[in-house]
Amino acid sequence: MAVEAGRLEEPAAKVALLNDPKVRGWIFQSALLVVIVWLIWVGLQNMYANLAAANIASGFGFLERNAGFAISQSLLEYSQESSTYGRVFFVGLANTLLMAVVGVILATIVGFTVGIARLSNNWVIRQLATAYVETLRNIPLLLQIFVWYFAVLRLLPSRRASWDLGFLGQLNISGWFAPKPVFGEGASLMVWAIVVGVVGAFLLGRWAHKRQEETGQPFPVFGTGLAMILGLPIFAYLISGMPVSFEMPVAGNFGPKGGSRLYPEFIGLLLALSMYTASFIAEIVRAGILAVDKGQTEASAALGLRSGQLLRLVIIPQAMRVIIPPLTSQYLNLTKNSSLAVAIAYPDLVSVFAGTALNQTGQAVEILLMTMLTYLGLSLLTSAFMNWYNNKMALVER
Amino acid sequence: MAKRTTTKSRPKTAIVKNDTGAAAVAYVRSDMDPDLPAPDASQGIAAWMRANLFSSWINSILTVFALYLVYLVVPPLVDFAFVNAIFSGEDRSVCATIEQGGVRDSDWFGACWAYVGAYGSQFIYGRYPSDEYWRVNLTGLLFFGSLVPLLMPAAPYKPLNIIFVSIIFPVVAFILLSGGNLDLNGFLLPDSMMEPGTTKFWVDYLFVCAAVLAIVFLVARGSQSDPIPGLRIGLGIMAVIAIILMLFAVDFGLRHIETDRWGGFLVTLVIAVTGIAASLPIGIALALGRRSNMPIVRLMSVIFIEFWRGIPLITVLFMSSVVLPLFLPEGVTFDKLLRALIGVALFSAAYMAEVVRGGLQAIPKGQYEGASALGLSYGQSMRMIILPQALKLVIPGIVNTFIGLFKDTTLVLIIGLFDFLGQIQFSFSDATWSTAGQSLTAYLFAAFVYWVCCFSMSRYSIFMERRLDTGHKS
């Protein structure tokens, strides 16, 4: 590598064009671009030829056509006779989102409980939590869905001999017949009370935070906020003459009638998804809590904080910083994994749209593109939110 | 804790006043009393239980509750899996109650291991012809025989082992499992110029070789370097590929076995191993691309990675089984298993890329700078300095990706391939063994098999993590 002294004084030697990293880079990149564009072009040409040979019209016109198949569970208005494939897309999307939201809530509750239990000083609890995590996360999710749906839920009694869960409704092999809330006149007052309660609690929290920053006086935000969020609607419920009643399912000859029905597909998928994801969340929570330095605990003990305050003011805020990013990706995983619904025919986006609708119309490219882009959009939205949150929570160092 | 506080040492000196009133040191203790045993309340089982199970009333409640949960789950499971289980029998009657047309008492409920035994070979080989099982067995033996020493850090001959696992084994496995004897038909020249057949294939191959070598030569000349080493490497690679292709085309007298007869654990392993083997190089390329200075390369890598990571695997499998054939020219058909493999490999490549990127980012900047200060080119510095360190760092991450991939192979049953779980689901349709406890038995068995595989892999990953956790932490 030694350079002779004499050569240094010579004018810069003429470098071959290919040895210039910039030129080389651009040549490489253009070659790559050409290859990619060529591949896409050839692929599209083949696709049009194949579609023409199979007599399938490409394009999104099929979304206006009548679907003509039934969907068991639908949050949106849907009828077999008059709804279009476009409607099917939204019905499936709504079911996917429903599964995602309920699953995320359940998985978070179970996951945090198990994660904290893994750090418990109670030996039995600790071992039990470890067994839960090590078992569930090492068994494929699809197998767990099958176990819940084909084995566990099949053990439920038949339609005629439902289990009576008292005020929770009835449970049998065809699903859970839960009490259905019926909103009477004046129920809107309760909705407003909830809104006012939430907004009020939020403002209260901000005010209390500001006051504590200025004067050092703490304010019991949690209790007051909870009282506002829960108390106002209850108050509204009482003064407007108890407008909400529950329609209870009644046992009939052909199974329970009335109430709102949760299908076994929903229950099976929900349990499998949330139990599986909870085992991952538990590990994240455990790692997050362990990541808080021991000195923090000792310092707050030295400051005289009680164990409740220690958790609330010192450990959790710092642990959350470590927990949130992987937690979000677990939420995303849960949402994506809900597509396994297709294996047990829960009518989610993949099952009804990329499954039934695709088989009926044959518009594979359009339908799969729409499905993929929808999931991609959900992922990107979530990661955008995560980045925003991370920036907000990032340690501000002096 | 307890020991320390209970054995306080006594004062070392005792000052005794004598009659005259003058203080004198009468006794200096030179050696300590032996430690007293800890009080009974702080040792033994009772004390352990006190500290770990019943330290407060809330803990006591939790303990009782947890024990109740264990009582709810474990005894019935043991009853089902062992006590009441049936281990041998000819058909469903041994596993069914009298009401269901069997021989058991009416309150009997247990696992039917006889059914798993009867279906054992199907769960492993699928519909692979039974007189050819030895081929699968031999492949498995070669695979585990070469993989285990590779995974043991102390085993010798690592480079040879890597060459065997990455080049020789795939070729042997392909020939053994499918039977080899491929028809090579040519791919480049139009059919009008030459009759399609083996000769045309090799003529085409020679053209490709010439083109590759020409490009290598031109690049070398253009950058004013010696073209000989590049040409030698290019020639070597093309020769190895030619030898492999020739081996594929040789008739070894093995019966050709279509992939739709493959099934069970064989397919699970084929998908998982091929997926990881293909995704590793693609993943490394993508990770390097994502950290590259070239904007188009970086953009393409980011789009690729984020796209695949943002969509569920099941849509990928749908796409590879339904849409991929549309993009191919008419007449070109891919095997169903191969299509699934492509989908799985691309999908896990995106995840692998992120794992490798983590390793690349963990390498201190000084290593990159040192490499370029030595005058190494980009390729050289990656190959000799950066990647060996980065890949070693992310071995646990790679193993974790593999565990995820291994679990995800079950999804192929949705597109109609019969992997291990698919074969189990399929066996339910056979009336010979259909009993009330059949699905629970089968799922228990499947769960056990998957659990053993994944758990041992995760233990290996933890072991490697501990072993590799030596430096690199600044």
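Modeller: A residue is called buried if 20 or more other C-beta atoms, placed from the backbone, lie within 10 Å of its own, exposed if there are 12 or fewer, and partly exposed in between. With 16 C-beta neighbours inside 10 Å, Ala345(A) therefore counts as partly exposed. The model is a predicted one, in which local features need pLDDT of at least 70 and side-chain atom pairs count only at pLDDT 80 or more, while totals for chains, interfaces and linings use all residues. Residues are numbered from 1 along each chain as its sequence is written, and chains are lettered from A and ligands numbered from 1 in the order in which they are written.

The buried residues are Phe420(B), Leu421(B), Gly422(B), Gln423(B), Ile424(B), Gln425(B) and Ser427(B). Their cover includes α5 of chain A, and from chain B it includes α4 (113-125), α9 and α17 (438-468).

One of those covering helices, α9(B), which runs over residues 264-290, also packs against α15(B), residues 395-408: the two axes come within 9 Å and cross at roughly 140 degrees. That value makes α9(B) and α15(B) oblique to each other, where angles under 35 degrees count as roughly parallel, over 145 as roughly antiparallel, 65 to 115 as roughly perpendicular and the rest as oblique. In α9(B), Ala272(B), Gly275(B) and Ile276(B) meet Phe402(B), Leu405(B) and Phe406(B) in α15(B), a contact being two residues whose C-beta atoms lie within 7 Å. This contact has five nonpolar, one polar and no charged residues, with Ala, Val, Leu, Ile, Met, Phe, Trp, Tyr, Cys and Pro counted as nonpolar, Asp, Glu, Lys and Arg as charged, and the others, Gly among them, as polar.

The other chain has a share in this picture, as α5(A) is included in the cover of α16(B). Across the interface, 53 residues of chain A are in contact with 49 residues of chain B. On the side of chain A that touches chain B, two or more residues come from each of α2 (21-53), α4 (123-136), α5 (141-152), α10 (307-337), α11 (349-361) and α12 (364-393) of chain A. The largest share, 13 residues, belongs to α2(A), and the residues of that side divide into 37 nonpolar, 14 polar and two charged.

Chain A has 12 helices and six strands, with buried residues making up 30% of its 398 residues, and its C-alpha trace spans about 100 × 75 × 45 Å along the principal axes.

Two loop residues complete the view. Ala345(A) is found in the loop between α10 and α11 of chain A, and its phi is near 65 degrees, a positive value in a residue other than glycine. Tyr157(B), in the loop between α5 (133-151) and α6 (158-178) of chain B, likewise has a positive phi, of about 55 degrees, although it is not a glycine. Tyr157(B) is exposed, with 11 other C-beta atoms within 10 Å.

Key
Axes are lines fitted to C-alpha atoms, for helices over the stretch in contact, and angles run from 0 to 180 degrees between N-to-C directions. Helices (H or I, at least four residues) and strands (E, at least two) are DSSP runs, numbered from the N terminus.
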